[in-house]
Amino acid sequence: MANLALFDIDKQTLPEVPAEAVEHGEVFTRRWVVELILDLLGYTPDEDLAELKLVEPACGAGAFLGVIASRISASCRAHGRPITDAVNAVQAFDLLGRNVAESRGVVERRLHDDGWERSEARKVASYWVKQGDYLLQADAEHRADFVVGNPPYIRLEDVPDDRMDAYRSACSTMGGRADIYIGFYEVALRSLQPGGRLGFICADRWMRNQYGRKLRQLVTRQFSMDLALVMHDVDAFQEQVSAYPAVTIISRQTQGGAVAADTTRAFGEPEARDFLAWYEAEDRKPIATASFQAAPLPHWFPGEDSWPAASPARLAVLEDLSDRFRLLEDKTTGTRVGIGVATGADKVFITDDHELVEPDRLLPLAMVRDTTSGSIDWSGSCLVNPWNPQGELVDLAAYPKLAAYFRQHSGALRKRYVAVKQPDRWYKTIDKVDHRLTSRSKLLFPDLKLTIHPVLDEGKLYPHHNLYFIVSDVWDMRVLGGLLLSKVAEAFVEAYAVKMRGGTLRFQAQYLRKIRVPDPAAIAEEDRAALADAFDARDVTAATEAALRVYGLTELPD
């Protein structure tokens, strides 16, 4: 259970939060989910659990502790130990005295029901469960072989300022608008002994959101991401919550093989046993059932950038491609991804009037609407261009029509942030124009689109800032265009990009750069021709068939 009441800094300085203020903030984890997490961690009675240290950061009313007590009880019996040998085997924390008392009661009753003397059971319970803030405990309180639980879900900005400052000071990963559970991950991970393992059921937003960047960096640099079991639609809690939960297993060791898994609403206790049997098998193969899909990965995705989201089978393919092929943006091929010009005042800088200013001050501009058909259909828009080919602002005295036009709109132009910052350059666009780009063959991508939509400009237009572009020193742009038209290329963007309402994707530079491509020189001539022809015909099916051959794939899993 996760307790959301994180509002009393220190029992000696602030009063306990009234229970009625947080009653609805407690989320109980179902027993079968707890059993699954402990099994995935290898925390089982056949191990001598009294010799190991397990920590639960926010025990709530004891949903995890009841199962843990049963397993330690069985372990002590199996290893001929008295239950008092396990007084230091568990360390559980909670802020609320009410929850501490309830959790101790759960442990005591469970151990007594298992046949241990009540006095011994009570002693063990009192040792195991403490009142306190896990994030602010001394490091000595945290050293663990296992950390398990359901960390609190609460925005950092919803915590009182003094406590928020303390959390930020203690947890370097809690930047920006981080949820409080980010700190629980950090403290738990840092507490693990070598080989130790963490098992949380928690929101998986940190794997993709900006506020999870530092935590992703910590995981990929110092730990092994062993399992991500997505359970968004599973009835994992005893009340309905919209928390996007996932079970994550992370260990303190060098990154090895990993597993990506996803579930459906049909995933319950029997299906969890089936998944566990698959997970524990020595020779795991990708599996797809009515209740879950799973696939082994040779390693987890590296880096602090957003981790991809896709079906386990597709993640396995993307990871394989990432291991075998280079990134699209590559200095060795001179391939670059960029964005068109941002002006800060499109109503002033963009015009369809070709007589408005001097002819050489009008730069033909590619707009999103010009790319709709899949080929360039220029609408006549131009940039009123204040930049010379050397990358300097032109002297307005040399261009009387341009000077008059800018003076006419000086009020709007001077209010812009870039003009306030540089008042002597008040007529500049936000971005400098690189005149060499105009004459280059380039692929243009509208930012917002349901499917990937590369369009070739053969060197006549300059892109507007709602268009992203790709240029290359080596690629035949029609061949590259066919590759990028394919569902294989789209799969990379779909896995990393933020999806908008209605399934619209963002084809921004940061996502286009995630696409992996082969060495252009290694593509067979017949495949080059097939890709170019598919691009010219806007034939996604033909482009995908050719791309699969080029990537050495037989299919692209859904």
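This is a predicted model: local features need pLDDT of at least 70, side-chain atom pairs count only at pLDDT 80 or more; totals for chains, interfaces and linings use all residues.
Local features require pLDDT of at least 70 and side-chain atom pairs pLDDT 80 or more, while totals for chains, interfaces and linings use all residues. Residues are numbered from 1 along each chain as its sequence is written, and side-chain values use heavy atoms, without hydrogens or water.

I begin with the salt bridges. The whole structure holds 32 of them, each defined as a side-chain nitrogen of Lys or Arg within 4 Å of a carboxyl oxygen of Asp or Glu.

One of them joins Arg478 to Asp536, with the closest N and O atoms 2.3 Å apart. This pair links helix H15 (residues 477-485) to helix H18 (residues 525-537), and its members are 58 residues apart. Helices here are DSSP runs (H or I, at least four residues) and strands likewise (E, at least two), numbered from the N terminus. Arg478 is partly exposed at 28% relative accessible area; buried means under 20%, exposed over 50%, and partly exposed in between (1.4 Å probe, protein chains only).

A second bridge pairs Arg506 with Asp447 at 2.6 Å between the closest N and O atoms. Arg506 belongs to strand E23, whereas Asp447 lies in the loop between strands E18 (442-446) and E19 (448-449). Asp447 is buried, at 10% relative accessibility.

Elsewhere, Arg31, Glu35, Asp39 and Arg71 form a network of salt bridges.

Which residue lies in the loop between helix H16 (487-496) and strand E23 (505-506)? That residue is Val498, which is partly exposed at 49% relative accessibility.
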